[in-house]
Amino acid sequence: MAEARSGFGGMKRLMPDEPIIDLASDHYFMGEALRQALRAAEREEVPVGAVVVFEGRVIARAFNQVELLKDATAHAEMLVLTQAQQVVGDWRLTGCDLYVTKEPCPMCAGAMVHTRVKRVVFGLPDPKGGAAGGAVNLLQLPGLNHRSEIQGGVREEECRGLLQGFFAARRAANRRDAEGSGEPQGLGGESPG
């Protein structure tokens, strides 16, 4: 703590040496990834967002664009890795941290290993399909040429709420569409029999 003089009769007060908002915290950078996820939701994409951070600064931002680009590989993580490589001028992202709102899938985790991302921070774990410790841990697989540090659960409830809200709205819209068509509802929205 540093002392500072106030203008009130020369009284001293203590001021923190650290900023009130930590702009280099996992919480802050996950907030940036959440903003990207909201952009995806606005475009009716699965709301996953990602940012790459180098030396305390966001150097790349992306959100899922699978439907928009008609490209199964257009996950937020893949797009943000490509942007970051362009910014640093190299395919190696040594020293970079990647923040993503949902635990990466195997495709994205593989790309993170190949680009040598230093640290992967995710919000919502994915026990069925996650590749950062959920279903499998490709980010720290023995025998690979690189292992990334992993931090999960950052702003997990916000990330979960965004995804759950998106899929609940999508299911409700599908029910309305099925009811409006006058077709009997069966599995997968197809008519039974």
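Ring pairs link Tyr28, Phe29 and Tyr99 into a cluster. The model shown in these views is predicted.

**View 1. The edge-to-face pair of Tyr28 and Phe29.** The structure contains three aromatic pairs. One of them joins Tyr28 and Phe29 in an edge-to-face arrangement, with 5.3 Å from centre to centre and 70° between the planes. A pair of aromatic rings is described by these two quantities, the distance of the centres and the angle of the planes. Tyr28 has a relative accessibility of 28%, so it counts as partly exposed. Phe29 has a relative accessibility of 3% and counts as buried, because buried means under 20%.

**View 2. The tilted pair of Phe29 and Tyr99.** The ring centres of Phe29 and Tyr99 are 5.4 Å apart and the planes meet at 45°, so this pair is tilted. The pair links distant parts of the chain: Phe29 belongs to helix α1 (residues 26-42) and Tyr99 to strand β5, 70 residues apart. Tyr99 is buried, with a relative accessible area of 2%.

**View 3. Helix α3 and its buried side.** Helix α3 runs over residues 76-88 and has 13 residues. From its first C-alpha to its last it reaches 18 Å, close to the 18 Å expected at 1.5 Å a residue. Which residues of α3 are buried? They are Ala76, Glu77, Val80, Leu81 and Ala84. These residues lie on the same side of α3, because they cover an arc of only 125° around the axis. An α-helix has 3.6 residues a turn, so residues three or four places apart point the same way. The cover over the buried residues of α3 includes the strands β3 (49-54), β4 (57-63) and β5 (96-102), together with α4 (106-114). After α3 comes Gly89, which has a positive phi, near 75°.

View 4. Asn64 sits in the loop between β4 and α2 (66-69). Is Asn64 buried or exposed? Its relative accessibility is 8%, so Asn64 counts as buried. A polar atom of the Asn64 side chain lies 2.8 Å from the backbone nitrogen of Ala76. Ala76 is also one of the buried residues of α3. Leaving aside residues up to four places away in sequence, Asn64 touches Ala40, Glu45, Val46, Val48, Ala74, His75 and Ala76.

Terms used
Residues are numbered from 1 along each chain as its sequence is written. This is a predicted model: local features need pLDDT of at least 70, side-chain atom pairs count only at pLDDT 80 or more; totals for chains, interfaces and linings use all residues. Side-chain values use heavy atoms; hydrogens and water are left out. Helices (H or I, at least four residues) and strands (E, at least two) are DSSP runs, numbered from the N terminus. The expected span of a helix is 1.5 Å times one less than its number of residues. Buried means under 20% relative accessible area, exposed over 50%, partly exposed in between (1.4 Å probe, protein chains only). The arc is that of the directions from the helix axis to the C-beta atoms. Contact means heavy atoms within 4.5 Å. A polar contact is a pair of N or O atoms within 3.5 Å; within protein, one must be able to donate a hydrogen and the other to accept it, and residues adjacent in sequence count only if both atoms are side-chain atoms. Rings of Phe, Tyr and Trp (its six-membered ring) pair if their centres lie within 6.5 Å; planes under 30 degrees apart count as stacked, over 60 as edge-to-face and the rest as tilted.
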